[in-house]
Amino acid sequence: MNDTPRHVHFVAIAGTGMGSLAGLLNARGLRVTGSDDQLYPPMSTLLEQWKIPVHESFRAEHVLEPAPDLVVIGNAVRADNPEARAAIDEGLPYRSFSDALYELAMAGTHSVVVSGTHGKTTTTSLTTYLLDATGREPSMLVGGFAHDFDGSFREGRGDHFVVEGDEYDTAFFDKTPKFLHYHPHTLILTSVEFDHADIYRDLDHVKEAFRALVE
């Protein structure tokens, strides 16, 4: 992405990761809008707090009137979603959550990716705390609420960006694991067990994804 978009629209904005990235971009001064059909606390409360306008349904006009500079499509969105379909069919620039996170927030930083079947949220928060306590002022995006930083994202002034790296697939149009999109400089791997039986056949299949990450 050559230029930073001025208006970003999130399809399925109320997911933990999507909402957190929306909040981060909003804090940077971008115009952020979104839509979802399942809005509930804490993300619904936070989006309201951040004054991000959210449509409580998916309709093509949400991405066409007016058209944003970029559409971010969450991995919970299916191929028949009217907003995703309209964005793709009309030729609007679009990204998965993972690519948008990397391109708009992480590129040019020392990316610290926390991966593993269990413990990602806690370890991401702890890693950010340790980097901050040693004067590195890291940025962070976490799939939960980090009490030390009073939220799910942090805009730091240092070189490090700490993020959860999930092995789930990226989007309906990209079936690679999300963590491959974060281009880690430093990788923390907590554990590898069989999980996400909807996309992985067995433990060996899960291990394949983590081997690709380590390589």
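Is D89 buried or exposed? I started there, keeping in mind that this is a predicted model. D89 comes out at 54% relative accessibility, so I noted it as exposed, the cut-off being over 50%. The residue sits in helix α4, which covers residues 82-89. I also checked D89 against A12: they are 77 residues apart along the chain, and their C-alpha atoms are separated by 18 Å.

A12 made me look at its backbone. It has a positive phi of about 75° although it is not a glycine. I found A12 in the loop between β1 (7-11) and α1. Its relative accessible area is 11%, so A12 goes down as buried.

I located D150 in the loop between β7 (139-146) and β8 (151-154). With 62% relative accessibility, D150 counts as exposed. I flagged such spots because most residues other than glycine have a negative phi.

**Prolines**

The bond from P41 to P42 is cis, with omega near 5°. P42 belongs to the loop between β2 (31-35) and α2 (43-49). E65 and P66 are also joined by a cis peptide bond, and I have omega there at about -5°. P66 is in the loop between α3 (61-64) and β4 (70-73).

**H181**

Where is H181 found? I traced it to the loop between β11 (174-177) and β12 (186-189). At 11% relative accessibility, H181 counts as buried. Its side chain makes a polar contact with the side chain of D174, at 3.3 Å. Leaving out residues up to four places away in sequence, I listed what H181 touches: S98, D99, Y102, T170, D174 and T176.

**α1 against α5**

Last, I looked at a helix pair. Helix α1 (residues 16-27) packs with helix α5 (residues 97-106) at an angle of about 25°, and their axes are 11 Å apart. That angle is under 35 degrees, so I call α1 roughly parallel to α5. The crossing of α1 past α5 is left-handed.

Which residues in α1 meet α5? I wrote down G17, M18, L21, L24 and L25, facing F97, A100, L101, L104 and A105 in α5. Sorting the residues of this contact gave me 9 nonpolar, 1 polar and no charged.

Conventions. Residues numbered from 1 in each chain as written. Predicted model: local features only at pLDDT ≥ 70, side-chain atom pairs only at ≥ 80, totals over all residues. Heavy atoms only, no water. Axes fitted to C-alpha atoms, helices over the stretch in contact; angles between N-to-C directions. Helix = DSSP H or I, 4+ residues; strand = E, 2+ residues; numbered from the N terminus. Parallel < 35°, antiparallel > 145°, perpendicular 65-115°, else oblique. Left-handed = near helix turned anticlockwise from the far one by under 90°. Contact = heavy atoms within 4.5 Å. Nonpolar A, V, L, I, M, F, W, Y, C, P; charged D, E, K, R; others polar. Buried < 20%, exposed > 50% of the residue type's maximum accessible area, 1.4 Å probe, protein only. Polar contact = N/O pair within 3.5 Å; in protein donor to acceptor, adjacent residues only side chain to side chain.
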